[in-house]
Each structure stands twice: as C-alpha cells, then as structure tokens.
Amino acid sequence: MSLVLTLIAQRIALGILLLFAVSVLIFAGTQILPGDVAQSILGQSATPQALANLRQELGLNDPAIVRYVHWLGGVLTGDLGTALTTRQEITVTLMPRLWNTLFLALWAAAASVPLAIILGLLGVLYHNRMIDRAISAFALAAMSLPEFFIGYLLILVFAVKLQWFPSISTVYEGMPFLEKLHAIVLPATALVLGVLAHMMRMTRAAILNVMQSAYVETAELKGLSAFNIIRKHAFPNAIAPIINVVVLNMAYLVVGVVVIEVIFVYPGMGQYLVDHVVKRDVPVVQAVGLIFASVYIGLNIVADVSAILANPRLRYSK
C-alpha cells in the first residue's frame, strides 16, 4: 500500500509542476499578443492621458514577472481577477458557465462511455464478422468527420428539417431539468460522436490483445462460450487501458467543447472564452485557459492513478 501511495503522490506532484509550467505559458502567451489592451478597451478615439491612466490602473506598466506573481497569487487564493470589459469579478460570471459545461460533458459522458464499451465488446464477440465490420466502419466515419461538420449536420437534419430539437441550445438558471436535457441533445450528440469511436476502438483493441493470452486459450479448451470468456477473463484483464482511454476522453469532453459550444451558442466555458478573446479581455482568457488546463491535467492524473490501481504490474519497476 505504501508503494501505491508513493506512486500516487509522484503523479500528483508532477501534475502540480506541470500546471505551474502551463500557467507560465498561459500568462506569457497572453502578454505577447500584438496590440494594446488599453487601446482595445477605450477605442481608437481615446486620448493619450486616458490610455496612460488605464494602463496604470490595470498594472500594465509593471514588469511582467511582477504581474505574473500578482496574478498567480490571486489564483491561489481563489481570485481570478476582474474582467476588463464588464468590470465584474471573473469568478462570479465564470462559475455558472463552468457548471453549464460540466452539465453538458456529464450527459455526453453518460451516453458515450457505456455505448463505447458495449460496441467494443460486440466488435470482439463478432470479430471479423458483419457486425464487427459495421461497427469499425461507423467508427472510422465518425473519426474522419470534424466535430464542427457533425454539429452543423445535426442542426440541418434534426433542427431545420425535422424540427425535433432547437438549433440554439439555450439553458439558464431555474430552467426545468427535462427542458435542459432537450436543449442539449444536439451538442451532446456531437460530443458523443466525437469521442465514441476512439473509446470503442481502444476497448476492442485492448480486449483482442488479451484474447491472445494463454489462459484465454485454456478457457476455450475447457469449452467456455465466447461471451463467458470475454466476461470472466478478457474484459477484467483489459480494464486498465480501457479506464485510461475513457478518462482521457472525459478530459476532452470538458476541454474540447469550445467549437461545439460556439456552434450551438451554448452558454458554457467555450462560448465565454471565444466572446472574450474577441474583446481582448486578457484576464478572462487567462482564467478560462487555466481552468481548462487544470481539468485536463487533473483527469490525466486520475487516469494514471486508475491504471495503477487496476493493473498491479504498474506498481513495480521492471
């Protein structure tokens, strides 16, 4: 148990170091953008004195290292700063958007994970037969189409032609639960199609790799059916890579929603980020970028820890 805790502590420490490095890159990337933040806020008609006063107020005259330390200190205390365009605290305006993104990602995950595992198991059970080829063809098609094309295609078919679902996925606080689910069907479907193929193919490949083992051949010689062999022997021993790929795709569902949210005008983190990139609201861009990085790194740590717990071989050095 002590070895497991040591490995988990190592993964967490590496994640914290990586997040620190990412914070430096995010801050540096926003600082080297061309143009003048004060000019973009006040407009081209602003006087030199007004621009100088605003730069002083925003701390733009301070050295970059001083601004970074001040920003990082605020982040560590839960203060993400103030939006330049609205003069509101970013935490207040950001949290509802974050919950909307998590709501969308949660339901996309609830649909995609079991469906991917079931399709992967069917592909193994009917290996090299018609069902397996059909599933593989579907996966290849889903992986080949970019998510923005899938989103517009869903809008065309189900919102414009059939009019089953709205083309604009508007959700708000106090909205009835069933209405929320109805509003997110199309963006959730686009996200599901984006991650389903990868998870399904990895599940199929992991189980097929285990099916080549000697103990599986022994089970076949004992007369066990293909279904029981997969259920009792192959799937439990292939669970580590499956968990890994599932968690990594969950990270994509949260971080990779930017395009989908913009297409469906969904009030989440992605739409919030794009709106403030256009306005050159640097503190908001920094805050959203850091939250996305934290979620992605955190879920990668979860994937590593899950693999260590599920596969005893990873707990010992070779």
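Me: Let's start with a helix: how far apart are the end C-alpha atoms of H9, and what should its 26 residues span at 1.5 Å a residue?
Reply: This is a predicted model, so every value here is computed from it. The end C-alpha atoms of H9 are 36 Å apart, and this agrees with the 38 Å that its 26 residues should span at 1.5 Å a residue.

Me: And where does H9 bend?
Reply: H9 bends at Val195, by about 30°.

Me: Stepping back, how many helices and strands are there in the protein?
Reply: The protein has 15 helices and zero strands. Its C-alpha trace spans about 85 × 60 × 35 Å along the principal axes, and 40% of its 318 residues count as buried.

Me: What about contacts along the chain, how many join residues at least 24 apart?
Reply: Taking contacts in the protein between residues at least 6 apart in sequence, 72% join residues at least 24 apart.

Me: How many residues are in the largest nonpolar core, and which have the most contacts inside it?
Reply: The largest nonpolar core has 53 residues, and Ile207, Met211 and Leu253 are those with the most contacts inside it. The elements that give two or more residues to this core are H5, H6, H7, H9, H10, H11, H12 and H13. The one that gives the most is H9, with 14 residues.

Me: What does Leu253 touch?
Reply: Once residues up to four places away in sequence are set aside, Leu253 touches Ala105, Ala108, Ala109, Ser112, Leu191 and Val195. Val195 is also the residue at which H9 bends.

Me: Which residues does the second core include?
Reply: The second core is separate and has 20 residues, including Ile26, Ala83, Ala287 and Leu290. As a general point, nonpolar side chains tend to be buried together in soluble globular proteins.

Me: Changing topic to H7, how many residues does it have and what does it reach from first C-alpha to last?
Reply: H7 has 15 residues and reaches 20 Å from its first C-alpha to its last, close to the 21 Å expected at 1.5 Å a residue. There is also a kink of about 25° in H7, and this kink is centred on Ile155.

Me: Which residues of H7 are buried?
Reply: In H7 the buried residues are Glu147, Ile150, Gly151, Leu154, Ile155 and Ala159, so Ile155 is buried, under the 20% cut-off in relative accessible area. The cover over the buried residues of H7 includes H6, H9, H12 and H13.

Me: What follows H7?
Reply: Gln163 follows H7, in the loop between H7 and H8. Although Gln163 is not a glycine, its phi is positive, about 55°. Gln163 is exposed, because its relative accessible area is 62% and the cut-off for exposed is over 50%.

Me: Now Asn128, what is its phi?
Reply: Asn128 has a positive phi of about 60°, although it is not a glycine. Asn128 sits in the loop between H5 and H6, and at 48% relative accessibility it counts as partly exposed.

Me: Back to the loop between H7 and H8: is Ser169 there buried or exposed, and why?
Reply: Ser169, which has its place in that loop between H7 and H8, counts as buried because its relative accessibility is 0%. Its side chain reaches the backbone oxygen of Ala183 at 2.8 Å. Not counting residues up to four places away in sequence, Ser169 touches Ala183, Pro187, Phe264, Val265, Tyr266 and Pro267.

Me: Last topic, where is Ile291, and what is it in contact with?
Reply: Ile291 is in helix H15, residues 282-310, and it is buried, with a relative accessible area of 17%. Leaving aside neighbours within four places in sequence, Ile291 is in contact with Leu80, Leu94, Leu98 and Met269. The C-alpha atoms of Ile291 and Leu98 are separated by 9.2 Å, while the two residues are 193 residues apart along the chain.

Me: And which residues is Val285 in contact with?
Reply: Val285 lies in helix H15 as well, and, with neighbours within four places in sequence left aside, it is in contact with Thr30, Leu273, His276 and Val277. The C-alpha atoms of Val285 and Leu208 are separated by 44 Å, with the two residues 77 residues apart along the chain.

Terms used
Residues numbered from 1 in each chain as written. Predicted model: local features only at pLDDT ≥ 70, side-chain atom pairs only at ≥ 80, totals over all residues. Heavy atoms only, no water. Core = buried A, V, L, I, M, F, W, Y, C linked by side-chain atoms within 4.5 Å. Buried < 20%, exposed > 50% of the residue type's maximum accessible area, 1.4 Å probe, protein only. Helix = DSSP H or I, 4+ residues; strand = E, 2+ residues; numbered from the N terminus. Contact = heavy atoms within 4.5 Å. Expected span 1.5 Å × (residues − 1). Bend = angle between axes of the 7 residues up to and from the residue. Polar contact = N/O pair within 3.5 Å; in protein donor to acceptor, adjacent residues only side chain to side chain.
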